[in-house]
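Subject: Structure handover

Hello,

Here is the structure for you to look through.

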Amino acid sequence: MLERVVITGVGLTAPNGNNLSEFRKALLEGRGGILDYEIRYFGKTHAGICDFDAQKYQTKKEIRRGTRAGSISIYCAHEAVNDSGIDWESVDKSRVGVYVGVTEHGNVETENEVYNISKYDYDTSMWTHHHNPRTVANNPAGEITLNMKISGPHYTLGAACAAGNTGLIQGMQMLQLHECDLAIAGGVSESIHTFGIFAAFDNQGALASNSDPLKASRPLDVNRNGIVVSEGGCLFTLERLSDAQARGAKIYGEIVGYAINSDATDFVLPNPERQAECIEKALEKAGLRPQDIDIVNLHATGTHSGDAQECAGLRKVFVDCPKTHFNATKGFIGHAMGAAGALELAGNLPAFDDSFCHACLNLDEVDEECALPNLVTGEPKALENVTCILNTSFGMLGINSVVIIKKFTEGAN
Amino acid sequence: MTKEEIREAVLDILSDVAPDEDLSDLKDNVSFREQMELDSMDFLDIVMELRRRFKVNIPEEEYTALGSMDSTVEYLAPKMADL
């Protein structure tokens with residue numbers, strides 16, 4: 001039997017909070033973090049922008065040399081380790097693994113450099129030698145190891161917008177394989193710094209716009225008109241339960257189920273049947289029924305077809321589930337891409353303690369195609385008891401991911 | 001550019017390349033590496049900035065001329081005299 005793995009620390013930066021307590025407070029108080037934003041070539045749009053202090057854990061030179069994704073990763077990793085209460089000085093750094101999900105990496109740095117050499121008539125002798133270390137796909141995870149002197153394995157997981165969950169899943173699996181003793185795992189995104197992502201979504205008819213930026217991201221609402229792109233990050237410290245208990249760690253929850261599958265149908269359009277299968281696989285792995293889930297956090301990006309398809313998939317699985325409640329987080333923070341799954345899961349974890357299901361922000365009128373029983377709108381809903389949270393994250397090329405976290409209790413899970 | 005202007009230009013580049021360093025008491029006759037944390041990537045940054053800002057190209061075999069402020073200014077003076 002595989003060893004049980006638990007979450008013992010959370011480090012995050014979101015457009016509306018730079019640690020879990022700030023983030024949770026904003027979610028419960030209905031405070032979003034979307035702002036007006038302008039980026040070269042594309043112009044005016046909206047975005048979720050993080051205001052964490054990068055210099056808290058990096059020198060100015062490290063920031064200059066590295067990437068925004070690296071800074072976000074380093075901030076989140078330190079915050080997670082600090083939050084875990086582990087004695088970092090005594091940790092064997094060769095036994096720490098770093099697994100960071102990313103939607104994409106390298107677009108920002110490449111665009112910057114093409115822009116820079118455009119000032120020199122595209123003379124490639126002006127192309128920075130920092131380009132390669134900044135754009136290698138492992139950059140965000142690698143920057144963590146450089147900064148924190150971690151000599152265990154590190155890599156990123158490219159998984160489109162399912163990446164936050166895949167980072168978490170990878171960390172859990174590596175702990176179970178004893179490839180590491182402490183995993184720093186989750187997802188990050190620097191995507192607001194590439195004009196390409198805004199232009200591509202816009203040309204796809206999938207970029208949100210609103211006269212009030214705080215109302216631009218409105219998943220499931222009848223007046224939704226697309227995605228708000230955000231930056232952000234969320235990394236967890238994961239440990240085998242036995243190790244966590246041995247050091248008397250605070251336990252946020254236990255990862256009891258997960259699944260990743262592929263639509264195999266379209267580059268961008270989701271497939272509700274495969275999404276439903278992914279949820280069912282995760283439930284099966286956890287030994288749970290749909291009725292056992294208290295909170296389902298939707299992926300729900302705010303696109304017309306994506307939200308409708310996703311809800312169709314959920315309605316297939318969650319039939320006659322009176323205690324199951326549904327929420328979505330992107331109305332508050334936009335779509336944090338590779339960080340989305342991890343951030344949105346983190347935002348719900350405190351429900352194990354406070355029993356609140358945070359509401360969907362900007363969901364003024366539910367689209368009929370997005371109707372779900374117990375969809376939480378308006379105010380947070382106090383539930384009787386929260387023991388199981390299911391988080392979904394789906395991405396382009398048809399990648400689906402689901403994780404199920406259970407409130408930790410002594411004894412069998 | 002005069003030698004003093006070149007020195008100021010190099011100092012400006014150094015402040016960008018090594019933003020954490022206090023350059024106010026930099027000793028011109030002592031090597032940069034003895035006074036501040038500079039690695040090979042930083043030296044490449046200095047070379048790149050000289051190229052970008054002043055169109056001064058420095059061949060790799062001459063990088064050693066950039067050891068200290070004195071040697072750097074001496075090396076750059078003829079290359080930047082007409083700027």
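First, the ground rules. This is a predicted model, in which local features need pLDDT of at least 70, side-chain atom pairs count only at pLDDT 80 or more, and totals for chains, interfaces and linings use all residues. Residues are numbered from 1 along each chain as its sequence is written, while chains are lettered from A and ligands numbered from 1 in the order in which they are written.

**The two chains**

Chain A has 14 helices and 15 strands. Helices (H or I, at least four residues) and strands (E, at least two) are DSSP runs, numbered from the N terminus. The C-alpha atoms of chain A fill a box of roughly 65 × 55 × 40 Å along the principal axes.

Chain B has four helices and zero strands. Its elements run α-α-α-α from the N terminus on. The box for the C-alpha atoms of chain B, along the principal axes, is roughly 30 × 25 × 20 Å. For 83 residues a compact globule would have a radius of gyration near 12 Å; chain B has 12 Å, which agrees.

**Domains of chain A**

Chain A splits into domain 1 (5-246) and domain 2 (257-406). These bounds come from an automatic or database domain assignment. The C-alpha centres of the two domains lie 21 Å apart. Their contact takes 56 residues from domain 1 of chain A and 50 residues from domain 2 of chain A. Two residues are in contact if their C-beta atoms, placed from the backbone, lie within 7 Å.

On the domain 1 side, the elements that give two or more residues include α1 (20-29), α7 (163-176) and β6 (182-189) of chain A. The largest share, seven residues, comes from α7(A). By class, the domain 1 side has 30 nonpolar, 20 polar and six charged residues. Here Ala, Val, Leu, Ile, Met, Phe, Trp, Tyr, Cys and Pro count as nonpolar, Asp, Glu, Lys and Arg as charged, and the others, Gly among them, as polar.

**Chain A with chain B**

Each chain gives eight residues to this contact. The chain B side has five nonpolar, no polar and three charged residues.

**Two helix pairs in chain A**

Take α3 (residues 68-84) and α6 (residues 139-148) of chain A. Their axes come within 8 Å and cross at roughly 50 degrees. Axes are lines fitted to C-alpha atoms, for helices over the stretch in contact, and angles run from 0 to 180 degrees between N-to-C directions. So α3(A) and α6(A) are oblique to each other. Angles under 35 degrees count as roughly parallel, over 145 as roughly antiparallel, 65 to 115 as roughly perpendicular and the rest as oblique. Residues of α3(A) in the contact include Ser73(A) and Ile74(A), and those of α6(A) include Ile144(A) and Met148(A). The contact holds seven nonpolar, four polar and one charged residue.

The axes of α10 (residues 272-286) and α11 (residues 304-317) of chain A come within 8 Å and cross at roughly 45 degrees. That makes α10(A) oblique to α11(A).

Best wishes

Note on methods
The radius of gyration is taken over C-alpha atoms; the globule rule is 2.2 Å times the number of residues to the power 0.38.
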